[in-house]
Amino acid sequence: MASGANITRADHTDAFIGNRIDDIAIYLTVIHYVALPNIGNRGLAGAPLTGANFMAYDGSNPRVDITETTADRIQGPQRRILPRLGSPAGTRRFTDNRDGTVTDSNTGLIWLKNAGCFDPANWADALAKVNALATGGCGLSDGSTAGQWRLPNTNELESMVDVSASNPALTPGNPFTGVSLSIYWSSTSYFGGQAGSPSAWAIQFSDGRYINDSVSNSKQTAFNQVWAVRDSGVGSPTLQATGAFVAFADGDDGSVQSGVPPTFPRWLDKGDGTIIDTVTGLIWLKQADCIHQTWANAMTAVHALSAGQCGLIDGSAAGAWRMPNRKEMLSLSDRAQNNHADFFNRTYLNLDYTVFQAAIFSNFIAYQYYWTSSVLAANLTSAWTVFSCDFGVYNIPRESVGYTLAVRSPR
């Protein structure tokens, strides 16, 4: 990462020619430098870049700490309940500011206390209503002005989901009012490339499932609940940016791009059967198709995973690996991608056929569900999964067979 240089996202469809599908855009993080004029007649390309601060991210200095925003209940064959990291009782996690706002200590975000202030609206109207929100509206006396509030992006809305709760899937004891059990809009469009998308991501707060059926998340015809959020103005963001960068409407995710932007390169192949995500510091099993079992059997297999299995030569011992919880699995998402499985599996070549980016995972299976350790609070016979292509969160019975991508924390 460089401070003083412009870090952006770009569509590289026409820049890469090897091992790609011609009609699928490739979105990657790039660093763009504004060219400086030549210096005199010395033949120099330009003066040194001033104000740039380059930081090498190797996973030991992650930009996001997933544990800070993890509210999870894990039940497995180990017969143990892991601590609910970062999920204190609602009265401790959430602070009622007594001015119509609530501060979330996990993320630093400030939320509108009345989550039912706005009538259900289509996506465009939801954006417009929230962008116009100011003190005096919705019980606000915080001095906020129009333009300070926004519709939350997918990661921000997800941060409010407590998977150990249901009806609503919100940490008990919270001070919010008017919380609906229905579907809430996010400001993040479903993939549509530069041309736009007729759908946007939404989350149902009765249980926390993602909505992507082209009906209930249709921007024009679906009328969903509307919640408002804004930054505290203090400190740096703690949530990842979604990766969306194309703006389709004022105040949407692509125009705001709230959160910690991705590093480049983000993924480091350790050459021992593991890859490390430099954004979160999490270490992932590279072989993404090795564990394909029911939820309980997959939990057992992951707990027993060690060097010598699944392509691992990292020296890890049984007990070092775990099934990722919902938020850990979602941390892999990039909402600028059309198909995550294709993105993870593909090797991108430069015009001279040198490798620009090697495949991130080996055999990340398309059109399949990947288990998380997070169970469905409303029905403990089901668990949350992430669909490998759209990276939406959906629950399936724990007796179903799914894939598991094992994860561990750095030593």
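Q: What makes the link between the side chains of T274 and D272 a polar contact?
A: The side chains of T274 and D272 are joined at 2.6 Å. That counts because a polar contact is a pair of N or O atoms within 3.5 Å (within protein, one must be able to donate a hydrogen and the other to accept it, and residues adjacent in sequence count only if both atoms are side-chain atoms). The model is predicted, so local features need pLDDT of at least 70 and side-chain atom pairs count only at pLDDT 80 or more, while totals for chains, interfaces and linings use all residues. Residues are numbered from 1 along each chain as its sequence is written, and side-chain values use heavy atoms, with hydrogens and water left out.

Q: Which residues of helix 2 are buried?
A: In helix 2 (residues 123–131), these are W123, A126, L127 and V130. They cover an arc of only 100 degrees around the axis, so they sit on the same side of helix 2; the arc is that of the directions from the helix axis to the C-beta atoms. The buried residues of helix 2 pack against strand 8 (183–189) and strand 9 (200–204).

Q: Where do the buried residues of helix 5 pack?
A: W295, A298, M299, A301 and V302 are the buried residues of helix 5 (residues 295–304). Their arc is only 165 degrees around the axis, which puts them on the same side of helix 5. They pack against strand 15 (291–294), strand 18 (369–375), strand 19 (382–387) and strand 21 (401–404).

Q: Which residues touch the most other members of the largest nonpolar core?
A: W227, F361 and F364 do, in a core of 72 residues. A nonpolar core is a set of buried Ala, Val, Leu, Ile, Met, Phe, Trp, Tyr and Cys residues joined through side-chain atoms within 4.5 Å. A second, separate core of 19 residues includes L305, C310, W371 and A383.

How values were computed: Buried < 20%, exposed > 50% of the residue type's maximum accessible area, 1.4 Å probe, protein only. Helix = DSSP H or I, 4+ residues; strand = E, 2+ residues; numbered from the N terminus. Contact = heavy atoms within 4.5 Å.
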